[in-house]
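Try each task before you read its solution.

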Amino acid sequence: MTSPDIAKLIVRTSMKDRAAFDLLYRNTSAKLFGVCLRVLNDRSEAEEALQEVFIKVWTKADRFVVSELSPISWLVAVARNHAIDRIRTRRRPAADIDTAVDVADPAPGPEVAAVASGEAQRIHRCLDELDRDRAAAVRSAYLSGESYAELAQRHRVPLNTMRTWLRRSLIKLRECLER
C-alpha cells in the first residue's frame with residue numbers, strides 16, 4: 001500500500017469511516033506491532049499496546065496532517081510513543097510467572113524472517129550513510145526506545161539539537177529507502 005493510500009485511509013478514519021479504519025488496520029498493524037514489540041520486549045504487552053494504538057488512531061486521526069511526510073511515519077510515531085508511555089507507567093511485579101517460564105515461541109516464521117532480513121539489510125545500509133553519532137542516536141531512539149533527553153545527555157548536545165538530529169536523520173533514511 002502506498003503512502004497516499006495510507007494517508008487517504010487516515011483521513012477517512014478521521015471521518016469515522018469504519019471500512020477505512022478496518023483497511024488501515026489490516027495494512028499497518030503488522031508494522032506497528034513490530035514497533036510495539038521492539039520497544040516493549042513482551043509479546044502480550046505489545047499486542048495490548050497495539051490495540052490501544054489503534055484506539056488512539058480512531059479517536060485522533062483528525063490530528064494527522066497530510067503533508068510530504070510519510071503517513072506510516074506518523075503511525076509509527078504514535079505506536080512508539082504509546083509503547084514508551086507504557087514503559088514509563090508500568091510497575092514490575094515482584095515475581096512474574098510469565099517471565100520465569102516462556103513456553104511460546106516468539107520467533108517469526110521463515111517467510112517473515114526472510115522479508116525482515118532483507119528490510120533490515122536495507123535499513124542498515126542506509127544507517128551507514130549517516131554520520132556515526134547520528135546513526136547511533138537513531139538506533140538508540142527507535143530500536144532501543146531511549147528518550148530524546150537520554151540521548152542528548154549521552155551525546156552532550158542540547159535537547160533541541162538531538163531532536164533536529166533525529167528528524168533530519170529520519171528524512172535522510174526515508175530518502176535512502178525510497179531509492
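## Exercise 1: Placing A20

Task: find which helix holds A20, and decide whether A20 is buried or exposed.

Solution. Start with the position. A20 sits in helix α2, which covers residues 18-40. Keep in mind that this is a predicted model. Next, take the accessible area. The relative value for A20 is 0%. Buried means under 20%. A20 is therefore buried.

## Exercise 2: Around A20

Task: which residues does A20 contact, once neighbours within four places in sequence are left aside?

Solution. The contacts of A20 are then L9, R12 and T13. Now look at I6. A20 and I6 are 14 residues apart in sequence. In space, their C-alpha atoms are 9.5 Å apart.

## Exercise 3: The disulfide

Task: search the whole structure for disulfides, and say which residues are joined.

Solution. The search gives one disulfide. C126 and C176 are the partners, with an S to S distance of 2.0 Å. The cut-off is 2.5 Å. Next, place each cysteine. C126 belongs to helix α6 (residues 110-128), and C176 to helix α9 (residues 159-178), so the link ties together parts 50 residues apart in sequence. Then check the handedness. The angle about the S-S bond is -80 degrees, and the link of C126 and C176 is left-handed.

## Exercise 4: Another cysteine

Task: is C36 buried or exposed?

Solution. Read the relative accessible area of C36: 0%. Buried means under 20%. C36 is therefore buried.

How values were computed:
Residues are numbered from 1 along each chain as its sequence is written. This is a predicted model: local features need pLDDT of at least 70, side-chain atom pairs count only at pLDDT 80 or more; totals for chains, interfaces and linings use all residues. Side-chain values use heavy atoms; hydrogens and water are left out. Helices (H or I, at least four residues) and strands (E, at least two) are DSSP runs, numbered from the N terminus. Buried means under 20% relative accessible area, exposed over 50%, partly exposed in between (1.4 Å probe, protein chains only). Contact means heavy atoms within 4.5 Å.
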